[in-house]
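Hi,

Here is the structure I promised to pass on. Have a look at it first, and my notes follow below.

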Amino acid sequence: MSQYPKAFIYDLDGVITDTAEFHFLAWKKLAEELGITIDRQFNEQLKGISRMESLERILALKPSLLALASDEKDRLANQKNSHYLELVETVNTDDILPGIEQLLQKNKEHQIKIALGSASNNAKNIVDKLGLAHYFDYIVDASQVKKGKPDPETFTTAADFLGVSYEECIGIEDAEAGVEAINGAMMFSVGVGSAEQLGKADYLVVDTSQLIFGEIINCYKEKRARNRE
Ligand code: B16
Ligand code: MG
């Protein structure tokens, strides 16, 4: 196995840009329309989870709503997406999180392939707004996978397309479900957030400004060396 990993697979919301906050505000608005209150702590479990699964978890807070017909659930999910699209209207290059573009540039310098592994149907639109599309060799969004995070499929789909073995991939995630998906794919997992949420990550940083290429690579190499012992 070569020294460097062959691919980096980035989560979008909460890693490349803080649209995680816009998802929260959009769900909060929809929940309020239904007479349900959600807070940031509850929102942690919605990160990385599909739109419909998120809606189900919110409706479960008011059991009388769980029996809604599926076309009514579709309408509510679409309504949340309308709130979200309004909030992301102004997203632009200033919304790239600190350290991300430097890391993408380091990947390019070292001929490491780059993919996006997002549970969002809006992923391509957001990457375009951020002006980052040219970095990506492949984008996996919700339309390409049958099983969302925490299933590994989002990450294995990206690696399969790139023709890279899973153990030579590094995945970066801000969500518990996402770290679980990366670990399930037998890739090296980088978590962005708290040890409380992301304690299972192979390498953990508190925010994206701490995503230093050399340090991630050193830790990746150490883990690979340990695995070979
Ligand atoms: P959409 P990621 C995920 O994106 C978000 O973390 C999650 O909160 C959201 O519900 C999901 O995308 C679906 O997004 O409604 O735009 O299809 O973190 O996997 O990039
Ligand atoms: Mg995320």
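How much space lies in the largest cavity? About 300 Å³, and the structure holds one cavity of 30 Å³ or more. A cavity here is a set of points, on a 1 Å grid over the protein atoms alone, where a 1.4 Å probe fits but cannot get out, and lining residues have an atom within 4 Å of a point. Grid points are joined across faces, edges and corners, and the volume is the space filled by probe spheres set on them.

Before the rest, some housekeeping. This is a predicted model, where local features need pLDDT of at least 70 and side-chain atom pairs count only at pLDDT 80 or more, while totals for chains, interfaces and linings use all residues. Residues are numbered from 1 along each chain as its sequence is written, chains are lettered from A and ligands numbered from 1 in the order in which they are written, and side-chain values use heavy atoms, with hydrogens and water left out.

Back to the cavity: 22 residues line it, and the closest to its centre are Asp-13, His-23, Leu-46, Gly-48 and Ile-49. Helix α1 gives the most to the lining, with three residues. (Helices are DSSP runs of H or I, at least four residues, and strands are runs of E, at least two, numbered from the N terminus.)

Asp-13 also turns up at the magnesium ion (ligand 2), where it donates through O, alongside Asp-11 (OD) and Asp-174 (OD), at 2.0 to 2.2 Å. Donors are N, O and S atoms within 2.8 Å of the metal (3.2 Å for Na, K and Ca); water is not among the atoms, so the site may look incomplete. The spacing along the chain is D-x1-D-x160-D. Asp-11 sits in the loop between β1 (7-10) and α1 (19-33), and Asp-174 in the loop between β4 (169-173) and α8 (176-184), 163 residues apart. Both Asp-11 and Asp-174 are buried, meaning under 20% relative accessible area (1.4 Å probe, protein chains only).

Finally, eight of the ten residues of helix α7 (153-162) are buried.

Cheers

Key:
Buried < 20%, exposed > 50% of the residue type's maximum accessible area, 1.4 Å probe, protein only. 1 Å grid on protein atoms, 1.4 Å probe; cavity = no way out; pocket = protein on both sides within 12 Å on 5 of 7 lines; lining within 4 Å.
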